[in-house]
Amino acid sequence: MRITYGRSLAAVGVAVALVLTGCTSGGSTADATASSTLENNGNTYITQELDDGQTLFTRVINPNGGQALSYSAEGGMAIVEQVDGEFTYAFKDLNGNGELDPAEDWRLEGSERAADYATGLSKEQMAGLMLFSAHERAPEDGLTPEQQEYLSDSYLRAVLNAGGSDVTANVQWVNQMQAYVETLASADTPYIPVNFSSDPRSDASGDGAFTDVGEISSWPGSLGLAATFDPDTVLQFGQMASQEYRSLGIGTALSPQIDLATEPRWLRVSGTFGEDSEMAGAMAANYVAGFQGTYAEDGGDAGWGTDSVATMIKHWPGDGAGEGGRESHTNAGKYEVMVGGNSAEHRSVFQQALDSAAVMTSYSVTLNADGEPEYSQRMGSSYDDGKLSELREANSYEGVVVTDWGVTRATTDPDDPVIATGWGAEDLSVEERHFEIIKNGTDMFGGNNDAAPVLAAYDLWQEAYEAGELDVDARTRWQQSAARILTMSFSIGAFDDPFLDLATSQAQVGSQDKVAAGQEAQLNSVVTLKNDGAINLDPEADFSDKTVYIPQTYDTGFNSAFSEAEYTEGPSLDVEVAGKYFGTVVTDEVEYDAEGRVTGYSAPDLSDVDLVLVGMRSPINGTSFSKAGWNEEAGTWYPLSLQYSTYTADGENVRRTSVSGDVLADGSRENRSYYGPNRRSRTAPTWTPSTAPPTRWPHRAGTFPSSWRSRPRTRWFPRSSRRAQTPLWWASASRTRRSSRSPSVCTSPTGACPSSSPQAWIPWRPTRRTSRRT
């Protein structure tokens with residue numbers, strides 16, 4: 001049940017500052033072994049000491065449903081008492097002045113508290129609030145010297161948790177960091193807690209079967225949620241996932257990705273809610289409502305509360321029309337082209353979800369059908385004032401605007417940054433890039449741990465103001481961003497209750513209700529495109545007397561900015577798991593070369609096979625950082641394709657001249673057309689399911705029961721099979737197991753399903769006995 005922070009608690013009485021270390025002189029002290037879910041039915045606050053194994057902290061439980069508080073037992077945080085009629089409440093004395101200031105009053109709205117607190121911050125602290133850390137991938141390492149450096153020297157307070165979901169590791173890391181930032185507070189440096197964030201971590205499209213109780217619950221990815229055609233499922237996901245996020249210390253979700261996927265070849269389609277703007281908008285709105293609300297047992301939304309996680313919709317104003325499907329993380333796909341003139345429809349999805357606490361802008365340079373800027377500048381979104389004014393002014397958005405990672409770096413920078421997406425700003429200095437981005441209305445810089453360029457931008461702003469070029473001075477503008485950013489932290493209770501109780505977190509993450517709901521959503525995301533009767537949904541079906549054949553597969557992977565391609569090979573489905581459901585499981589014998597790579601397969605005797613099970617994926621052309629569509633060395637372009645077989649881009653509808661292209665020194669325009677070259681998808685199967693004759697089972701040719709299952713990452717246009725009894729299944733970004741709903745199926749992000757990573761199962765017909773790698 002939500003703790004209600006109602007305004008009915010009158011702010012009357014005498015304020016008294018008290019330092020709480022062990023016992024409490026103003027309230028009563030609870031048993032130190034008590035759970036943090038301890039209820040307070042008395043008239044005054046009570047305290048308890050909690051320990052996660054590394055950090056000792058104090059929790060204060062206010063009476064009458066008041067806000068819980070927590071602080072390091074060794075940090076010296078003081079409280080302020082407030083007497084209201086028969087109740088005595090506790091408030092944290094954040095600035096140590098012994099008085100109850102508006103920012104310290106948890107009965108007020110987060111925006112009111114933030115506006116008050118921002119006035120007392122130095123320009124260095126405000127600059128630090130405008131930073132969003134690089135990816136922190138190892139919570140199990142605890143608080144590191146590098147983290148202490150950016151917390152203390154740059155005053156950074158937005159930390160991106162890109163690590164795993166181990167509860168103990170996350171709780172201990174979060175508490176260590178929160179305790180550390182308390183020690184940095186002083187009379188001149190007001191206390192600011194850390195606001196942890198995360199990219200989606202509940203996505204079931206990775207390797208593995210259904211999660212077990214105790215592991216973070218797994219749900220369909222965004223495209224899988226769209227495949228349920230049910231916005232209420234998205235709402236339920238948000239309600240449950242936000243509880244798990246908060247239990248891991250995460251207060252901001254860098255999601256949902258709500259780009260409208262109007263370019264079917266785009267490499268990030270799987271992260272969207274699809275191409276239908278009405279449905280995508282409804283799902284985006286429910287995602288935001290589910291994450292940001294705190295819900296009572298009767299389903300009512302009480303607003304910001306203990307379960308609330310701020311959302312960050314992305315990537316404004318929509319990045320789903322990348323030219324040729326190429327992706328804007330690299331120069332290969334920095335242009336988005338609105339050839340249909342439908343930029344308003346792309347924005348409409350965002351307009352349905354602008355209750356989101358934050359918005360992340362896209363990377364792309366957006367052009368119209370004539371190759372000219374769709375908005376204002378021929379620059380990436382953070383530099384295009386037309387895109388930002390559309391958000392801030394035309395849509396009256398007052399929340400936090402964040403750049404995507406790396407936009408203040410350019411490919412021309414001498415230190416050759418790994419992520420450099422400052423499209424169109426190559427001629428500006430790093431400091432000038434920050435200045436221009438802030439001038440356009442942005443508040444935070446993704447992936448920047450260093451406050452120096454933000455402080456330099458502060459000086460540039462003040463110079464421009466004093467020269468009459470800007471209407472407000474630097475402090476006013478920086479304070480505006482600080483107040484927006486602090487609103488998120490106050491709204492989720494980070495200032496009041498930043499510490500985590502390990503036992504409570506363990507009970508929340510992967511609880512039975514969440515795991516079961518995630519499994520149900522995965523089953524509901526499977527779409528049957530065709531079934532000629534081979535599959536009967538019989539809850540009592542027994543396969544223990546059946547023989548199943550599972551072919552082997554391999555995948556060569558893609559190079560990216562961070563790593564070389566990973567080669568994987570193995571059964572396309574987990575043989576061991578299949579053995580739990582089928583009497584006999586047979587698979588190929590694999591032939592390897594000296595380097596351990598597959599050169600061919602020899603199929604077993606298939607005369608007694610009853611079913612064939614294979615997991616497959618839609619054609620994959622690359623990843624965000626693989627520069628797909630661009631042969632950088634040759635300076636040429638090639639097509640991305642939605643078919644498995646080789647595609648040659650020489651049709652009459654292929655553009656000879658691209659819509660986009662860099663403007664060259666002589667005024668001409670670069671041609672990024674892929675006309676002429678051919679391309680074969682990396683995930684092109686070593687068997688060709690639509691064309692090869694079913695000669696491997698002559699005794700059952702034409703009647704052998706089979707079905708196909710694909711997990712698309714882009715749109716996929718399968719050719720209908722004319723063979724008898726061949727159903728076709730489409731399962732997007734989900735994992736399933738054999739159940740009364742459907743057989744279960746295997747997929748993998750790399751195109752192969754190693755034996756250690758079972759997923760799902762569905763009958764399938766392979767059509768080629770041997771695969772030779774060339």
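Helices (H or I, at least four residues) and strands (E, at least two) are DSSP runs, and their numbers count from the N terminus. With those labels in hand, welcome to a predicted model, shown here in a set of close-up views.

**Figure 1. The loop between β12 and α7 holds Pro 256.** Strand β12 spans residues 250–253, and helix α7 covers residues 277–292. In the loop that connects them lies Pro 256, which is joined to Ser 255 by a cis peptide bond. Omega of this bond is about 10°. As a reminder, most peptide bonds are trans.

Figure 2. Follow the chain to Pro 317 and you are in the loop between β13 and β14, the latter formed by residues 335–338.

**Figure 3. Tyr 155 has a positive phi.** This residue is not a glycine, and its phi is near 60°. For context, most residues other than glycine have a negative phi. To find Tyr 155, look in the loop between α3 (145–152) and β10 (158–161).

**Figure 4. Lys 314 and Asp 199 form a salt bridge.** The count for the model comes to 21 salt bridges. In the pair shown here, the closest N and O atoms of Lys 314 and Asp 199 are 3.3 Å apart. This pair brings together distant parts of the chain, as its two residues are 115 residues apart. Lys 314 sits in strand β13 (residues 310–316), whereas Asp 199 belongs to the loop between β11 (195–198) and α5 (222–227).

**Figure 5. Helix α6 packs with helix α7.** The axes of α6 and α7 are 7 Å apart and meet at an angle of about 30°. The two helices are therefore roughly parallel to each other. Their crossing is right-handed. From α6, the residues in this contact include Val 234, Leu 235, Phe 237 and Tyr 245. From α7, they include Met 283, Tyr 287, Ala 289 and Phe 291. By class, the contact has 11 nonpolar, five polar and one charged residues.

**Figure 6. Helix α7 also packs with helix α8.** Here the partner, α8, is made of residues 343–351. The axes of α7 and α8 are 7 Å apart, with an angle of about 25° between the helices. That angle is under 35 degrees, so α7 and α8 are roughly parallel to each other. The crossing of α7 and α8 is right-handed. On the α7 side you will find Ser 277, Ala 280, Gly 281 and Ala 284, and across from them Glu 345, Ser 348 and Val 349 of α8. These residues divide into three nonpolar, three polar and one charged.

**Figure 7. Helix α6 packs with helix α14.** Residues 231–247 make up α6, and residues 512–524 make up α14. Their packing angle is about 145°, and the axes lie 11 Å apart. The crossing of α6 and α14 is left-handed. Thr 233, Gln 236, Met 240, Gln 243 and Glu 244 of α6 make the contact with Asp 513, Lys 514, Ala 517 and Ala 521 of α14. Sorted by class, this contact has three nonpolar, three polar and three charged residues.

Figure 8. Across the protein the mean pLDDT is 85, and 82% of residues reach 70 or more. Where pLDDT is low, the predicted coordinates should not be read in detail.

Note on methods:
Residues numbered from 1 in each chain as written. Predicted model: local features only at pLDDT ≥ 70, side-chain atom pairs only at ≥ 80, totals over all residues. Heavy atoms only, no water. Axes fitted to C-alpha atoms, helices over the stretch in contact; angles between N-to-C directions. Parallel < 35°, antiparallel > 145°, perpendicular 65-115°, else oblique. Left-handed = near helix turned anticlockwise from the far one by under 90°. Contact = heavy atoms within 4.5 Å. Nonpolar A, V, L, I, M, F, W, Y, C, P; charged D, E, K, R; others polar. pLDDT = per-residue confidence, 0-100. Salt bridge = Lys/Arg side-chain N within 4 Å of Asp/Glu carboxyl O.
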